[in-house]
Amino acid sequence: MSCTEPTLNTPLLSSFPNKTDYSDQDPQPLAKPATRPESNNILISIPHSPNSQTPYKCLAIIPGNAGPISSLTLCGEFLFSASSTKDITVWQHPDLRQFTKFGHGEGSVKALVAVGNRVFSAHQDGKVRVWKVSSRSENAFRLVASLPTTRDYLGRCLKQSNYVQTRRNHRRLWIEHGDSISCLAVHGDLVYSGSWDKTLKVWQMSNLKCLESIRAHDDAINALAVHDGLVYTASADGKIKAWGKRNVMKNSHCLLNTLVARNNMSWNAIATCANTGLVYAAGSDGHVAVWRCDLEKEKNVWRLVCNVKAHDMAVLSLCVVSELVFSGSGDRSIGVWKREIGGGLGKLGFLRGHEGPVRCLQASWYRAGRGYVVYSGGLDRSLRVWWVPQEDMLGDK
């Protein structure tokens with residue numbers, strides 16, 4: 001996840017440069033739905049002059065989701081939320097009107113990423129599913145492929161060298177994940193998937209083939225982020241690893257460095273910030289660590305610049321937008337932090353209200369109100385919307 005400032009007027013799923021063999025027509029942009037159940041309309045009023053005595057405001061609570069919220073992602077004017085069920089819900093933001101639902105597959109949805117005309121979903125059954133807007137069914141999201149694709153599988157299954165040993169007396173193709181896929185990221189024409197099977201896989205978006213499988217860690221991969229061609233993987237083995245392309249033409253990757261802050265803990269989330277070289281990681285011990293990388297001056301060197309005790313319990317999610325960093329924790333709170341000169345974190349306050357651990361976060365800059373709309377998903381099955389003004393904020397609320 002990188003710190004960007006998406007505008008709310010960006011069209012959803014703009015034209016995608018690479019067509020796949022699995023689409024029969026060019027995707028069309030989403031249109032407004034003809035009807036919406038009134039019970040799903042949640043109108044949010046964005047403050048224009050926040051009260052300095054109450055700088056943080058909960059704008060909406062959407063309880064009663066089918067399961068714990070496992071992932072959130074923003075794409076243009078839409079927010080996608082996934083839960084422990086197979087359903088993925090599409091909301092118009094910032095007013096959180098439900099647009100549609102779609103879903104398929106065994107096990108829960110663990111991660112989402114949207115780009116161009118497509119949405120990629122990672123599942124507990126070890127599959128990545130690819131969706132696109134279908135103009136043939138009232139702009140619903142249509143499943144076009146599951147990764148690895150049948151074509152890719154059949155093209156490799158007869159060659160014994162394509163199989164790897166996963167556990168005693170059990171082998172599978174190297175293009176298959178052997179356990180739940182926990183995280184996804186997209187950069188250019190590449191899709192990255194990290195799994196509890198300890199591997200990082202690289203997929204080509206244009207033809208949906210698996211290009212590479214890397215045994216990246218000694219324990220489960222919990223999160224990954226991609227920025228400026230660098231791939232960061234965060235693992236339960238207590239390590240953050242930075243990967244770069246060994247061969248640009250072949251899209252193969254090599255290990256550049258291993259980032260370690262403390263022993264005997266797990267990294268649960270990771271985020272990067274554009275144009276700063278900063279990498280943020282959330283730990284199971286309640287800490288948030290920050291590394292700075294200066295590739296121009298010292299290639300492949302990352303320095304630990306901050307290691308702050310952010311929460312009383314494990315930090316499960318991170319989101320970076322502009323000068324702010326948000327951290328979601330098992331203690332049911334969301335920390336609000338200011339990026340300081342040099343890469344440090346200054347505590348501004350907390351957003352409180354979830355009745356369970358905060359599993360995922362997304363934030364968007366909103367120019368009209370000069371502040372940030374923050375979306376949080378919890379294991380309490382609720383989706384919450386928060387307002388954080390741009391102005392200097394008070395301390396812990």
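View 1. About 340 Å³ of space lies in the second largest pocket. A pocket is an open set of points on a 1 Å grid over the protein atoms alone, with protein on both sides within 12 Å along at least five of seven lines. Its volume is the space filled by probe spheres set on the points, which are joined across faces, edges and corners. The second largest pocket has 16 lining residues, each with an atom within 4 Å of a point. Gln165, Thr166, Asp197, Thr199 and Arg215 lie nearest the pocket centre. Strand 10 (163-167), strand 11 (170-173), strand 14 and strand 15 each give two or more residues to the lining. Strand 10 supplies the largest share, 4 residues.

The model is predicted: local features need pLDDT of at least 70, side-chain atom pairs count only at pLDDT 80 or more, and totals for chains, interfaces and linings use all residues. Numbering runs from 1 along each chain as its sequence is written, and side-chain values use heavy atoms, without hydrogens or water.

**View 2. The whole protein.** The protein holds 1 helix and 30 strands. Both are DSSP runs numbered from the N terminus: helices are H or I with at least four residues, strands E with at least two. Of the 397 residues, 55% count as buried, meaning under 20% relative accessible area with a 1.4 Å probe and protein chains only. Among contacts with a separation of 6 or more, 49% join residues 24 or more positions apart. Contact means heavy atoms within 4.5 Å.

**View 3. The open sheet 12-13-14-15.** This sheet has 4 strands, paired antiparallel. Two strands pair if DSSP finds at least two bridges between them. Strand 12 (181-187) and strand 15 (210-215) are the edges, and each pairs on one side only. The twist averages 15° from one strand to the next; axes are lines fitted to C-alpha atoms, and angles run from 0 to 180 degrees between N-to-C directions. Strand 13 (residues 190-195) and strand 14 (residues 199-204) share 5 bridges in the antiparallel sense. Within strand 14, tryptophan 203 stands opposite valine 191.

**View 4. The largest nonpolar core.** This core has 20 residues. A nonpolar core is a set of buried Ala, Val, Leu, Ile, Met, Phe, Trp, Tyr and Cys residues joined through side-chain atoms within 4.5 Å. Phe120, Val128, Val130, Leu147, Leu184 and Leu208 have the most contacts inside the core. Strand 6 (109-115), strand 7 (118-123), strand 8 (128-134), strand 9 (140-147) and strand 12 each give two or more residues. Strand 9 gives the largest share, 3 residues. Beyond its neighbours within four places in sequence, valine 128 is in contact with residues including Phe120, Leu147, Ile181 and Leu184. Ser121 and Ser193 are also among the contacts of valine 128.

View 5. Strand 16 runs antiparallel to strand 17 (residues 230-235), joined by 6 bridges. Valine 226 stands opposite valine 231 in strand 17. The hairpin has 2 residues between the strands, and aspartate 228 takes a positive phi near 55°.

View 6. Strand 26 (residues 333-339) pairs with strand 27 in the antiparallel sense over 7 bridges. Strand 27 (residues 345-352) is mostly covered, with 6 of its 8 residues buried. Arginine 339 stands opposite leucine 345 in strand 27. This hairpin has 5 residues between its strands. Glycine 342 in the turn has a positive phi of about 95°.

**View 7. The open sheet 1-30-29-28.** This sheet has 4 strands with antiparallel pairing. Strand 1 (57-62) and strand 28 (358-366) are the edge strands. Neighbouring strands are turned by 20° against each other on average, direction ignored. Strand 1 and strand 30 (residues 383-389) pair over 5 bridges. Isoleucine 61 stands opposite arginine 384 in strand 30.

**View 8. The surroundings of alanine 281.** Alanine 281 lies in strand 21 (residues 278-283). This alanine is buried, with a relative accessible area of 0%. Not counting residues up to four places away in sequence, alanine 281 touches Ile240, Trp267, Ala269, Ile270, His287, Val288, Ala289, Trp291 and Leu318. Alanine 234 is 47 residues from alanine 281 in sequence and 7.7 Å away in space, C-alpha to C-alpha.

Definitions and conventions
Buried < 20%, exposed > 50% of the residue type's maximum accessible area, 1.4 Å probe, protein only. 1 Å grid on protein atoms, 1.4 Å probe; cavity = no way out; pocket = protein on both sides within 12 Å on 5 of 7 lines; lining within 4 Å.
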